[in-house]
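Okay, I'll keep this short and walk through a few side-chain pairings. Have the model up on your screens while I talk.

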Amino acid sequence: MNILVINGPNLNLLGIREPDIYGHETLSDIEKWLNDQEESNCHTITWFHSNHEGAIIDRLHEAMGNTDGIIINPGALTHYSFALRDAIASINIPTVEVHLSDIYSREVFRKVSVIKDVCIKQISGMGKIGYLEGVKKLSIISK
Ligand code: DQA
């Protein structure tokens with residue numbers, strides 16, 4: 001499968017950003033780790049990060065016709081971006097929503113995900129393993 005992994009605002013600061021919540025690993029540490037996992041071997045995994053909502057939406061549109069599955073951690077866009085939700089709903093590519101932290105055990109505003117209903121699965125609070133679970137879920141549904 002061609003899998004696209006998208007990370008949104010502030011996830012480029014992993015390793016520095018609130019390490020008590022998000023851990024000490026950087027986004028590129030997580031990327032290398034995921035690419036090294038056995039489950040990733042049979043897939044082509046492409047990573048994309050942006051702090052900009054429109055750039056993420058453009059990248060989702062570009063995925064049409066060349067991507068079999070998407071794993072997205074939209075950062076705070078999760079909680080309010082109806083434009084991101086519409087983009088995921090429009091492109092017809094199975095998408096897994098991932099959060100490093102448990103969004104249900106934090107502030108009230110984080111408990112709402114406006115993209116949850118347009119994703120095939122939501123994974124929250126498993127740290128980097130959430131991305132691997134995303135790969136596994138996409139593999140299962142492609143069979
Ligand atoms: C996050 C959770 C969001 O609420 C937050 O805004 C993030 C990261 C997570 O991975 O736990 O930026 O998506």
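So, aromatic pairs: this structure holds one. I'm counting rings of Phe, Tyr and Trp (its six-membered ring) whose centres lie within 6.5 Å, with planes under 30 degrees apart called stacked, over 60 edge-to-face and the rest tilted. The partners are tryptophan 47 and tyrosine 131, with ring centres 5.9 Å apart and planes at 35°, so this pair is tilted. Tryptophan 47 sits in strand β2, residues 44-49, and tyrosine 131 in helix α5, residues 129-142, so the pair ties together parts that are 84 residues apart in sequence. Helices (H or I, at least four residues) and strands (E, at least two) are DSSP runs, numbered from the N terminus.

Before I go on, this is a predicted model, so to speak of local features I need pLDDT of at least 70, and side-chain atom pairs count only at pLDDT 80 or more, while totals for chains, interfaces and linings use all residues. Residues are numbered from 1 along each chain as its sequence is written, and side-chain values use heavy atoms, with hydrogens and water left out.

Buried here means under 20% relative accessible area, exposed means over 50%, and partly exposed is in between (1.4 Å probe, protein chains only).

Next, threonine 95, which lies in strand β4, residues 95-99. Threonine 95 counts as buried, at 1% relative accessibility. What does its side chain reach? That would be the backbone oxygen of isoleucine 93, at 2.8 Å. Leaving out residues up to four places away in sequence, threonine 95 touches Ile70, Ile72, Ile88, Cys119, Ile120 and Lys121, where contact means heavy atoms within 4.5 Å.

Now the charged pairs. Side chains of opposite charge can pair when their charged atoms come close. My rule for a salt bridge is a side-chain nitrogen of Lys or Arg within 4 Å of a carboxyl oxygen of Asp or Glu, and by that rule the count comes to six.

Take glutamate 25 and lysine 128: their closest N and O atoms are 3.2 Å apart. Glutamate 25 is in the loop between α1 (19-22) and α2 (27-36), and lysine 128 is in the loop between β5 (121-124) and α5, so this bridge ties together parts that are 103 residues apart in sequence. Glutamate 25 is partly exposed at 31%, and lysine 128 is partly exposed at 23%.

Another one joins arginine 85 and aspartate 117, at 3.9 Å from N to O. Arginine 85 lies in helix α4, residues 82-91, and aspartate 117 in the loop between β4 and β5, so here the parts tied together are 32 residues apart in sequence. How accessible are the two ends? Arginine 85 is partly exposed, with a relative accessible area of 27%, whereas aspartate 117 is exposed at 65%.

Glutamate 107 is partly exposed at 36%, while arginine 106 counts as buried at 17%. Salt bridges that share partners also join Arg106, Glu107 and Arg110 into one network.

That's my tour, so over to you for questions.

Terms used
Polar contact = N/O pair within 3.5 Å; in protein donor to acceptor, adjacent residues only side chain to side chain.
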